Amino acid sequence: MSEYEKAVAKAAKLCSSAEKCSRDVKEKLFAWGLNEAAAEKVISYLKKNNFLDDKRYAQFFVKDKLKFNKWGRVKIAYALRRKQLPAETIDHALKTIDRSEYEEILDRLITEKIRSAGEIKQAIVRAKILRFAAQRGFTSEEIYDSLKRIE
């Protein structure tokens, strides 16, 4: 079995166990000692045989980060850009977010923060809540809308 065939088998197994993006697989291939040309050939094979799909990866990434990590659009988009995914792939994946689910997650996060921080009317507490939600990747507009819904 050639190095290329071994790399394809190993990469296919990796992609079968969990969704991966092209960049993640490419880094693994380099770590396994493949050069740029061989890595591109392996990635091309994986894409052609549906082991690797950046659009599918982005959609799963968005759903996972929203549901489990409670991240907002801004933070999710930033993480996907760090994976070097095309802007149109990121935009398409972000459009799959259900608005009501998104708002519900933000409302729940802010409600929990209010309970732990104190009365929402206090300016210091309100600033804490705004920073907290912004760190989670929600925009100012989304945060203020959520505060209005909660109040």
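This is a predicted model: local features need pLDDT of at least 70, side-chain atom pairs count only at pLDDT 80 or more; totals for chains, interfaces and linings use all residues.
Figure 1. Leaving aside residues up to four places away in sequence, serine 146 touches Leu106, Asp107 and Ile110.

**Figure 2. The crossing of helix 7 and helix 9.** Two packed helices are described by the angle between their axes and the distance between the axes. For helix 7 and helix 9, the axes come within 9 Å and cross at roughly 70°. An angle of 65 to 115 degrees counts as roughly perpendicular, and helix 7 and helix 9 are therefore described as roughly perpendicular to each other. On the side of helix 7, the residues that meet helix 9 are Tyr102, Glu103, Leu106, Asp107, Ile110, Thr111 and Ile114. On the side of helix 9, the residues are Glu142, Ile143, Ser146, Leu147, Arg149 and Ile150.

**Figure 3. Helix 7 and the helices packed against it.** Helix 7 covers residues 99-117, 19 residues in total. From its first C-alpha to its last, helix 7 reaches 27 Å, close to the 27 Å expected at 1.5 Å a residue.

Figure 4. The side chains of arginine 149 and aspartate 107 meet in a salt bridge, with a distance of 2.8 Å from N to O. Arginine 149 belongs to helix 9 and aspartate 107 to helix 7, so the pair ties together parts that are 42 residues apart in sequence. The two partners may be compared by their accessibility. Arginine 149 has a relative accessible area of 38% and is partly exposed, whereas aspartate 107, at 17%, counts as buried. Through salt bridges that share partners, Arg99, Glu103, Asp107 and Arg149 are joined into one network.

Figure 5. How many salt bridges does the structure hold? There are 10 salt bridges in the structure, and two of them are shown here. In one, arginine 56 pairs with glutamate 19, the closest N and O atoms being 2.8 Å apart. Arginine 56 lies in helix 4, while glutamate 19 lies in the loop between helix 1 (3-17) and helix 2 (22-31), so this pair ties together parts that are 37 residues apart in sequence. Glutamate 19 is partly exposed, with a relative accessible area of 27%. In the other, glutamate 40 forms a salt bridge with lysine 26, and the closest N and O atoms are 2.4 Å apart. This pair links distant parts of the chain, with glutamate 40 in helix 3 (residues 36-48) and lysine 26 in helix 2, 14 residues apart. Glutamate 40, at 35% relative accessibility, counts as partly exposed; lysine 26 is also partly exposed, with a relative accessible area of 21%.

**Figure 6. The largest nonpolar core.** In soluble globular proteins, nonpolar side chains tend to be buried together. The largest nonpolar core in this structure has 29 residues, of which Ile76 and Leu80 touch the most other members. Two or more residues are given to this core by each of helix 4, helix 5, helix 6 (87-94), helix 7, helix 8 and helix 9. Helix 7 gives the most, with 6 residues. Not counting residues up to four places away in sequence, leucine 80 touches Tyr57, Ala58, Phe61, Val62, Leu85 and Ile90. Another core, of 13 residues, lies apart from the largest one and includes Ala7, Leu29, Ala39 and Leu46.

**Figure 7. Two loop residues with positive phi.** Lysine 70 is placed in the loop between helix 4 and helix 5. Its phi is near 60°, a positive value in a residue other than glycine. Lysine 70 counts as partly exposed, at 24% relative accessibility. Glutamine 84 is found in the loop between helix 5 and helix 6, and phi of glutamine 84 is likewise near 60°. At 61% relative accessibility, glutamine 84 counts as exposed.

Note on methods: Residues are numbered from 1 along each chain as its sequence is written. Side-chain values use heavy atoms; hydrogens and water are left out. Helices (H or I, at least four residues) and strands (E, at least two) are DSSP runs, numbered from the N terminus. The expected span of a helix is 1.5 Å times one less than its number of residues. A salt bridge is a side-chain nitrogen of Lys or Arg within 4 Å of a carboxyl oxygen of Asp or Glu. Buried means under 20% relative accessible area, exposed over 50%, partly exposed in between (1.4 Å probe, protein chains only). A nonpolar core is a set of buried Ala, Val, Leu, Ile, Met, Phe, Trp, Tyr and Cys residues joined through side-chain atoms within 4.5 Å. Contact means heavy atoms within 4.5 Å. Axes are lines fitted to C-alpha atoms, for helices over the stretch in contact, and angles run from 0 to 180 degrees between N-to-C directions. Angles under 35 degrees count as roughly parallel, over 145 as roughly antiparallel, 65 to 115 as roughly perpendicular and the rest as oblique.
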